Amino acid sequence: MALEHDNHGMELAGNAAHAGHGHHGPAVLPSVLTAPEVVKTWRLRALVVAVVFAAISALFLLTEDGRTHLLRAYLAGYMTCFNFVGGSLALLMVQYVSGGKWGLILRRPLEAMTRTFPLILVGILPILFLMKKLYLWAAYTTKAETLDAYHKGLITNEQHLDIDYRHVMLAPTPVIVQTVLVFGFISFMIWLLNRWSLKRDQDEAAGTLGSFDKWRVRFENVSGPAIVFYVIALTDFVIIFVKSLDIIWASSVYGLQFLVAQGYGTLAVGILTLILLSRYEPMKSLFRTTEQHDLGKLMFAFTMLNIYLTFAEFLIIWSGNIPDEITYYIHRIQGGWWTICTLDVICHWVIPFSILLSRDIKRSKNKMIWVATFMIGARMIDIFWLIEPAWNKTGDTLHLIGNYGILAYITVPVAMIALWAAYYLTQLSKRPLLNVNDPHTAELLEPEHAH
Amino acid sequence: MATQGPIHDQNEVLDPMLDPRTGEYLVIAPGHTFKSVTQKIAGIVLTPNTPWAWFGGLFLAATVATGVVIGITWLVLKGVGIWGVTIPGAWGFAIINFVWWIGIGHAGTLISAILLLFKQTWRNSINRFAEAMTIFAVCCAGIYPLLHVGRPWLAYWLMPYPNTMNVWPQFRSPLAWDVFAVSTYATISVVFWYIGMIPDFGTLRDRAKLPLAKYIYGILSLGWRGSTRHWIRYESASLLLAGLSTPLVLSVHTTISFDFAVAAMAGWHTTIFPPYFVAGAVYSGFAMVLTLAIPIRKFYHLEDLVTERHLDNMAKVMLATGSIVAYGYGMEVFMSWYSASHWEFFMMWNRMFGPMGWGYWMLILTNIAIPLSTLWFRKLRVNVLYLFILSFIVNIGMWFERFVIVVTTLYRDYLPSSWGTYRATKWDYMLFIGTWGMFTCLFLLFARLAPMIPMSEIKMMLPGTKIHPGGSNAEEVTQEAL
Amino acid sequence: MPPREGVYGLLAEFNTPSELVHATEHAHRAGYRRMECYTPYPVEEAAEALRFHKTRIPLMCLMGGIMGLTTGFLLEMWINVWGYPLNIRGTPLFSWAAFVIPEYELTILFAGLSTAFGMIAQNGLPQLYHPLFNAPNFANGALNDKFFLCLEANDPRFSVTETRTFLEQFSPVSVVEVDH
């Protein structure tokens, strides 16, 4: 495979794409690698969507019920955006460790996604300030308070005992400490990887074996252990901010489930970005069907992993049938919630699964745009199903009449995702779309093999 | 078009096993042609001079394997009572070894299926014997549940078939799921393995000198003649089988984890079990692939085809899956606190500091501490001797994992009055050690009689495969000469 | 039925896949249709030159999968809901969640077997005798290191002399006449 392509490694190193190739030979590396102007238009559109939906969301402030739901919907939107950012960091590190051309082409979009972290950092503040309204452990912070709440019938005995038991971890101060640690680690990794990525391209020795080797080993050595720490940090974060909404429930696979969900969402955003960009240079000549196909397979794998972990968790808890655990599912299935549950399974798994089985669709640019968009939407249903039923009491039913506040779960996450997207697109246009000081860059320019 | 790759320092001496373009380890050593690959791999099978060491190894393995024959005979004569399984430790070695062996098998399927889907071409050198390993490991694993049912001659009752007793399997039991999972797994693995060997059997048929060998390989090859239309269908089928095996391998160990997890037992009933069992299985499987690959590449001089790249990658996979396993252990400990369940907490305390606590610390030492602290270093990842030793350590660790899971939960459950202990008998050990011999025997026979490395897949990775428009072969020749 | 005696075809031997693909492409352009390439490993470009694209294997796999799923579902429903209903710790007779796993395994089993046997059947295997095995250079090289193009005699454009001249312009190692 090697010799014929060697000359292109040279071209990249000298960043002078010279003419003179036969039309059979590999493509030429585009001279301008920055994002096309059209990204600005997309950003404007995203901002318009964000403003419109934020304005609609503001209407919910008018009623008490609306305000309650607004905050919960904010949590849902926040977690969706957090999943994009965390997922992109995880995927960025994974591709440094695993290699593969899918990772090379996706690298810069992933980096741009990670650089939206300031939004996540600021976005946590409302949740921290209003945590009393969301979490029982924040509403009742001492033994006396929980006992009092129990006597007043605000919480059950089980909840009262569990809150007391978990106060070491779940109370305002420990939670803030843990959040700082988790965010500190994540922002450090984002800073480091982004900085190195630029330095790698500016390396004076760029294009030499020594430079390739140095950077590959560096990124590998940092990313490997960081993935492990990231998974631990993520687990902690989702236990605190999502799982603890159901204070009694405990499930050990929760962290991994979120990890997979992050991969699911991030890949959808990544594929969408690449396909849309590929209508213009430079992605037009860089993004090959082969890599799209590989990314599609990866997305399919995450779709499968997601249902696998979700179903396995359900089956284990369903079979065990222990009151502490099964209540979680009863709140999420009974009282009309089976519609949402079924919708979640269908949109989050059945439809993407069936569509992505087809090789032709995975290779089709126009169709994959719709698949990726649909999957981002499915993430919203999933997060809604995870969050809102936490406030269900036995006998509650899901209804819309008189409960219009629940519509905030549509408007708020859409506004937040749109705002996030605008920020992401800003970051995307800040750097060249391809990391050139990588020996595999040349391979992206090769004509596609039939297989 | 005559420029070279990256600029090389003139004094720089490149390791021939490194890719001069990227500086990464090569998958196949340079200098191989289609012919040399055929000669090398087919030569191992078709040589008239079987190495004496092979006979020696087979004899030794067969001696150990008599443990299986004796162990099973005595068990059939006397009953499962000869084993250490009793109340409360009713699962004992039978289930520990079953899970251990089947877990080892999973790396084979992973290598042949998942890595094929993700175009990790380095797998081509090791997938065949990894698949063989899968099948032999499943053979060893299958012995245990069949014997553990008590009356192995009635094991067919597990299948749903119309019978005069009018009794049927109960599909809400994970043990019934196991029957389907393991038998499907065995069947599909054998089919996948055989389909993979058809073209290579064709090559052996064409090159065999002995009429009998020609005849047998001819039948096994089904008359394969390398027709392009056949190849396209064959490739399509291989990819589909890989696509089916991937979820299959996940489901098999998941189902095995359900054997534990769906029961409301402290230490078993936890939702992380499925992914962490699968990761553990792959972990031990890759260790076993290393245990086998390292001596084989040395003995048959296959260093060109099973290169440092393979060792490095396998060690990396072990690092990744080992980390997932470590995460699983961590979550178990964390959840024993977070769940706020007295029983969970006691189980974890008992697991660590109870009378059998040594098992837990052995597990942490061999499965987590030693491998996960050393595999981060690239020097150690390509150190053949270290990896060989480590592969044993990890498999010991993974055995202890199942030991800890099975035994600690059972011997001290909710009711202190029913507490007991577990002790394996000499028959347990005899059968277990016997299965090692059986596994080695089967593997040695395979290494002698079938192509260990898929020739056609290796050829696909050679430089000579490049297609030049216009059909000129001038460049081709220079490439092969390199 | 193809004729059972006389010439099967002309077999050209090449050293590299590029030459094979080149010759095949030109043979197709020259109007030959009944032809086949023989290679030691899959050469997709050769399949393109033969205009052979789609196989029916994925369809067979899908049908097998659907059959397996149906079998699993009906088996479990019949046994646990109608044939031999048992109350197991109060779970419903139709416990779909528990039924998923055997259904899933049977889906994979049926899909896998239909893929494997479907491929073998579509390829017309086992076929232990084939005229090409009579050519010594084919037996020696086809699954080793040589690349062959066979233009078959039942092609309307086939003529022993003209086809031989046609093949020789691609400078093959040899062109051999293969008998049935």
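Biologist: Does F171(B) count as buried or exposed?

Modeller: Burial is read from relative accessible area: under 20% is buried, over 50% is exposed, and anything in between is partly exposed (1.4 Å probe, protein chains only). F171(B) has 0% relative accessibility, so this residue counts as buried. F180(B), at 7%, is buried as well. This is a predicted model, in which local features need pLDDT of at least 70 and side-chain atom pairs count only at pLDDT 80 or more, while totals for chains, interfaces and linings use all residues. Residues are numbered from 1 along each chain as its sequence is written, chains are lettered from A and ligands numbered from 1 in the order in which they are written, and side-chain values use heavy atoms, leaving out hydrogens and water.

Biologist: How many aromatic pairs does a search of the whole structure find?

Modeller: Rings of Phe, Tyr and Trp (its six-membered ring) pair if their centres lie within 6.5 Å; planes under 30 degrees apart are stacked, over 60 edge-to-face, and the rest tilted. Over all chains the search finds 90 such pairs. In one of them, F171(B) with F180(B), the ring centres are 5.7 Å apart and the planes meet at 50°, so the pair is tilted. Y194(B) and F201(B) are also a tilted pair, with 6.4 Å between centres and 40° between planes. Here Y194(B) is partly exposed, since its relative accessible area is 24%, whereas F201(B) is buried at 5%.

Biologist: Which ring does R218(A) lie over?

Modeller: A charge sits over a ring if NZ of Lys or CZ of Arg is within 6 Å of the ring centre and within 35 degrees of the ring normal. R218(A) lies over the face of W196(A), 4.9 Å from the ring centre. In chain C, the charged end of R157(C) sits over the ring of Y32(C), 5.7 Å from its centre.

Biologist: Which residues touch the most other members of the largest nonpolar core?

Modeller: In soluble globular proteins, nonpolar side chains tend to be buried together. A nonpolar core is a set of buried Ala, Val, Leu, Ile, Met, Phe, Trp, Tyr and Cys residues joined through side-chain atoms within 4.5 Å. The largest one here has 334 residues, and those touching the most other members include Y78(A), W137(A), W101(B) and F260(B). Helix α3 (residues 64–98) of chain A gives the most to this core, 18 residues; helices are DSSP runs (H or I, at least four residues; strands are E, at least two), numbered from the N terminus. A second, separate core has 19 residues, among them A113(B) and V191(B).

Biologist: Where is the cis peptide bond that involves P282(A)?

Modeller: Most residues other than glycine have a negative phi, and most peptide bonds are trans. The cis bond joins E281(A) and P282(A), with omega about 5°, and P282(A) is in the loop between α12 (254–277) and α13 (283–286) of chain A. Another cis bond runs from L125(C) to P126(C), with omega near -5°; P126(C) lies in the loop between α4 (96–122) and α5 (136–141) of chain C.

Biologist: What is the phi of R51(C)?

Modeller: R51(C) is not a glycine, yet its phi is positive, about 60°. The residue is in the loop between α2 (44–49) and α3 (57–83) of chain C, and at 38% relative accessibility R51(C) counts as partly exposed. R89(C), also not a glycine, has a positive phi of about 35°. R89(C) is in the loop between α3 and α4 of chain C and is partly exposed at 45%.
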